[in-house]
Amino acid sequence: MGARLKPCPFCGGEARLVVKKGRNAIHSYWYREKVICKRKSCSASGRTEKRPGIAVAKWNKRPEEDRLSEVLRLVDEQCLVNAEDELGGLQS
Ligand SMILES: [Zn+2]
């Protein structure tokens, strides 16, 4: 159901989306969701959001990881270029 949740950034444990919704006395609907870590010893949790999809998007947002992935991608790319240069040097 829905988007996949990344593991807890604190303990690496599995996360879970908790959704609560209902209708109040004046018949307007309300909605609340938040992502929590399943491990009781950790109890990390995201903020409660009032619109679907926001809590998951925020939970999955990992700027540090994204930066690291980008750096690793560039390193890989550079290693490949260097290897090709060395091979080229051997061939000529
Ligand atoms: Zn956790």
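This text walks through the fold of one protein chain, from its overall layout down to single residues.

The model is a predicted one. Start with the elements. The protein chain has two helices and two strands. Read from the N terminus, they run β-β-α-α. The radius of gyration is 22 Å, well over the 12 Å that the globule rule gives for 92 residues, so the chain is more spread out than a compact globule. The box tells how the C-alpha atoms are laid out. Along the principal axes, they fill roughly 80 × 30 × 20 Å.

Turn to the strands. Strand β1 covers residues 15-23, and strand β2 covers residues 29-37. The two pair in the antiparallel sense, over nine bridges. β1 and β2 form a hairpin, with five residues between them. Look for His27 in that turn, where phi is positive, at about 60 degrees.

Buried residues make up 10% of the 92 residues in the protein chain. The largest nonpolar core has seven residues: Cys8, Ala15, Val35, Cys37, Ala55, Val56 and Trp59. Both β2 and α1, residues 54-60, supply at least two residues each to this core. The largest share, three residues, comes from α1.

Which residues is Cys37 in contact with, leaving aside its neighbours within four places in sequence? They are Cys8, Cys11, Gly13, Ala15, Cys42, Ser43, Ala44 and Ser45. Of these, Cys8 and Ala15 are also listed with Cys37 in the largest nonpolar core. Contacts can also be viewed across the chain. Among those with a separation of 6 or more, 34% join residues 24 or more positions apart.

Finally, follow the chain into helix α2, which spans residues 63-91. Gln78 lies in this helix. Is Gln78 buried or exposed? Gln78 has 10 C-beta neighbours inside 10 Å, so it counts as exposed; the cut-off for exposed is 12 or fewer. Compare its position with that of Trp30. The C-alpha atoms of Gln78 and Trp30 are separated by 51 Å, and the two residues are 48 residues apart along the chain.

Terms used:
Residues are numbered from 1 along each chain as its sequence is written. This is a predicted model: local features need pLDDT of at least 70, side-chain atom pairs count only at pLDDT 80 or more; totals for chains, interfaces and linings use all residues. Two strands pair if DSSP finds at least two bridges between them. Helices (H or I, at least four residues) and strands (E, at least two) are DSSP runs, numbered from the N terminus. A nonpolar core is a set of buried Ala, Val, Leu, Ile, Met, Phe, Trp, Tyr and Cys residues joined through C-beta atoms within 7 Å. A residue is buried if 20 or more other C-beta atoms lie within 10 Å of its own, exposed if 12 or fewer, and partly exposed in between; C-beta atoms are placed from the backbone. Two residues are in contact if their C-beta atoms, placed from the backbone, lie within 7 Å. The radius of gyration is taken over C-alpha atoms; the globule rule is 2.2 Å times the number of residues to the power 0.38.
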